[in-house]
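Have a look at the structure below and take a minute to turn it around.

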Amino acid sequence: MPYYLSQVGYTPESWAAQIRNPQDVRERVGRAAEAVGGRMESAFYAFGAHDLIAIVEFPDDAAVAAWAIATAAGGALRSMTTTPLISVDDGLNIMRNAAKVTQVYQPPK
């Protein structure tokens, strides 16, 4: 299954709720991922532009999109970015295929 990097920022209201009642985000977000066939591999709190970083696995782009839309719709997030991740092996194959394309592609002149 494909992996994705999810980076989120919480709203101040969400942080306040989490301070009042700390809960394991892996359980909450993991259950949501499982609802569409995904799973959370790991999650980390972070400082800076993002408050939480997660590596998640989903069957396809449609499943991760459904998960992202549903979690964003909950109102706890001020931002969310989900990026498809490419394995090193797939990346090497992509570069080999790109080399084939560069042999025939002609940029506009």
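Glu57 is buried in this predicted model, because its relative accessible area is 10% and the cut-off for buried is under 20%. So where does Glu57 sit in the fold? You'll find Glu57 in strand 3. Its side chain has a partner, too: there's a polar contact between the side chains of Glu57 and Arg39, at 2.7 Å. If you skip residues up to four places away in sequence, Glu57 touches Met1, Pro2, Tyr3, Gly38 and Arg39.

Now zoom out to the strand itself. Strand 3 is mostly covered, with 5 of its 6 residues buried. Which way does strand 2 run beside strand 3? The two are antiparallel, and 6 bridges join them. Among the facing residues, Ser42 is opposite Ile55 in strand 3, while Ala43 is opposite Ala54. Strands 2 and 3 make a hairpin, with 6 residues lying between them. In that turn, keep an eye on Gly48, which has a positive phi of about 115 degrees.

Strand 3 has another partner as well. Strand 1 is joined to strand 3 by 6 bridges, and this pair is antiparallel. Here Ser6 has Ala54 of strand 3 as its bridge partner.

Next comes the inside of the model. In soluble globular proteins, nonpolar side chains tend to be buried together. How many residues does the largest nonpolar core have here? There are 17 residues in it, and the ones with the most contacts inside the core are Met40, Leu52, Val56, Phe58 and Trp67. At least two residues of this core come from each of strand 1 (3-10), helix 2 (25-34), strand 2 (39-45), strand 3 (52-57) and helix 3 (61-73). Helix 3 is the biggest giver, with 4 residues.

Leaving out neighbours within four places in sequence, Val56 is in contact with Pro2, Tyr3, Tyr4, Arg39, Met40, Glu41 and Trp67. Two of those names, Met40 and Trp67, are also on the list of residues with the most contacts inside the core.

Finally, the rings. The structure holds 4 aromatic pairs, and two of them are set out here:

| Ring pair | Distance between centres | Angle between planes | Type |
|---|---|---|---|
| Tyr10 and Trp15 | 5.0 Å | 75 degrees | edge-to-face |
| Phe58 and Trp67 | 5.2 Å | 45 degrees | tilted |

Why is the Tyr10 and Trp15 pair called edge-to-face? The planes of the two rings are at 75 degrees, and that label goes to planes over 60 degrees apart. The Phe58 and Trp67 rings have their planes at 45 degrees, so this pair is tilted.

Terms used
Residues numbered from 1 in each chain as written. Predicted model: local features only at pLDDT ≥ 70, side-chain atom pairs only at ≥ 80, totals over all residues. Heavy atoms only, no water. Core = buried A, V, L, I, M, F, W, Y, C linked by side-chain atoms within 4.5 Å. Buried < 20%, exposed > 50% of the residue type's maximum accessible area, 1.4 Å probe, protein only. Contact = heavy atoms within 4.5 Å. Phe/Tyr/Trp six-rings, centres within 6.5 Å; stacked < 30°, edge-to-face > 60°. Polar contact = N/O pair within 3.5 Å; in protein donor to acceptor, adjacent residues only side chain to side chain. Pairing = 2+ DSSP bridges.
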